[in-house]
Amino acid sequence: MINSIDKPAIFISPDYVIQAVNQPYQDVYSTKVDIGVSRCHSVSHKSAVPCDQNGESCPIQSCIQSGRSASVVHIHQMENGKDICDIVMKPIKDEDGITIGFLEILEDLKFASAQSQKDKMVGESEPFLALLKKINRAGKSEIAVLLQGQTGTGKELVAKALHDVSPRKDEPFVVIECTGLTESLFESELFGHEKGSFTGATHSKQGLIELANGGTVFFDEIGDVPLNMQVKLLRLLETRTYRTVGGLKQKTSNFRFLSASHKNLLELVNKGEFRQDLYYRIAGFPIFLPSLSERKGDIALLTQYFLNHSQSQQKRFSLEALNVLKQYTYPGNIRELKNLVEQAALLADEDEITVEDLPEHILFNPLNEEVSGSKAKTLEQVEADYLYKMLNTQAYTLDELAELLGVSTRTLYRKIEKHKLSIDY
């Protein structure tokens, strides 16, 4: 049975001893499996104790407690280094219904890494691993996935990972930026247009939906789609048919649909700004991306990743500088961290990046007295400090920052003038 499985697989007795192994499993691990002697945790984790005694969830224990199959995403020590695996554990029972062991099947998540690998999602924290499990499971189906989370959490990277694990991975991945598109421009970009269909249409143009035929289309910031265009988008998703602007012939396109928004779409539905029927069409499988403040355990790994893939590959952060970075709140999330790493690397005269090389607004953090060394401040000073920090991240436009803070853009301007803050963009 185990040799018929094309993924790495082992059969484990209840005391964690490997009783059978297939060739793919032996190929991926540097530690040789000794049948009847080797324990699963010693091979995969180089650990003398089971996962549940080492700070990780153990799928065997989950199976024992529930009597059913269990799954977990773990970091394993494989032949080529640390890899992230999606593990499915199935209890095997005898004729009397007694569990005699467990079948473990591994899947290497090639779109992610616990090391500094380019073009992969990088991390090792629990929220990150939980996200990977959802990506791996949803990616293999045709279900419409809605990605939600704060600006800068990496929604486009997740969308690309969903495409890369799908059966459509060798077909086009087309991104449609919804922000700032007028109704006429949106329809022209989406469906294409015929020559002479409007002023300036000097030639026919193929639409993005046609380019995505056979592959995946990703609507970034779908909450910004004009309300009167949402009905046309809904019809496209229901029928997979459309007409070019100025065209009469009905066309079809076969595509997987993904979307993302940093806005709360259900709130927009309640306000009448987003169609309810469209929401339930696009939110077949909602995935919420954790903010960087929820992934503090990944900050050291991410900073190393950004350094390794920059012009400052030889530079490293000191432990003190890393500690300061871990205590920061990151309103701009991963995008902001990338900018901070690049700034600090440029400011550092030595290969070691110290606390003194960090941007001022990181050190001058009113929400973190341990870093800033400040005493209690007035509410006015806290507001001024917070606005200073947010303005200097440059992670948001002024309109986006006003929306995030729950005030109008005009009110935000007045506060900036009141505190005599400068705007660099």
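**Reading salt bridges, a sheet and confidence**

Me: Which partner does Lys205 meet in a salt bridge, and how many Å lie between N and O?

Reply: In this predicted model, the side chain of Lys205 meets that of Glu189 in a salt bridge, with 2.7 Å from N to O. A pair is called a salt bridge when a side-chain nitrogen of Lys or Arg lies within 4 Å of a carboxyl oxygen of Asp or Glu, so the next thing to ask is which parts of the chain the partners belong to. Because Lys205 lies in strand E11 (residues 205-206) and Glu189 in helix H6 (residues 183-191), this pair ties together parts that are 16 residues apart in sequence. Lys205 is partly exposed, with a relative accessible area of 33%, and Glu189 is also partly exposed, at 23%.

Me: Which parts does the salt bridge between Glu210 and Lys251 tie together?

Reply: Glu210 and Lys251 have their closest N and O atoms 3.5 Å apart. Glu210 lies in helix H7 (residues 208-211) and Lys251 in strand E14 (residues 251-252), so the bridge ties together parts that are 41 residues apart in sequence. Beyond such pairs, salt bridges that share partners join Lys7, Glu107 and Lys140 into one network, and a search of the whole structure finds 14 salt bridges.

Me: Where does helix H5 lie, and at about what angle to E8 does it run?

Reply: Helix H5 (residues 155-164) lies across strands E8 (145-148), E9, E12 and E15, running at about 155 degrees to E8. These strands belong to an open sheet of five, in the order E9-E12-E15-E8-E16, with parallel pairing. Strands E9 (173-177) and E16 (285-288) stand at the edges, each with a single partner strand, so one side of each is left without a neighbour in the sheet. Neighbouring strands are turned by 20 degrees against each other on average, direction ignored. Within the sheet, five bridges join E12 (residues 216-220) to E15 (residues 256-261), and Val217 stands opposite Phe257 in E15.

Me: Over which residues does pLDDT stay under 50?

Reply: Where pLDDT is low, the predicted coordinates should not be read in detail. In this model pLDDT stays under 50 over residues 367-375, whereas the protein chain averages 88 and 93% of the residues score at least 70.

Methods:
Residues are numbered from 1 along each chain as its sequence is written. This is a predicted model: local features need pLDDT of at least 70, side-chain atom pairs count only at pLDDT 80 or more; totals for chains, interfaces and linings use all residues. Side-chain values use heavy atoms; hydrogens and water are left out. Two strands pair if DSSP finds at least two bridges between them. Helices (H or I, at least four residues) and strands (E, at least two) are DSSP runs, numbered from the N terminus. Axes are lines fitted to C-alpha atoms, for helices over the stretch in contact, and angles run from 0 to 180 degrees between N-to-C directions. Contact means heavy atoms within 4.5 Å. pLDDT is the predictor's confidence in each residue, from 0 to 100. Buried means under 20% relative accessible area, exposed over 50%, partly exposed in between (1.4 Å probe, protein chains only).
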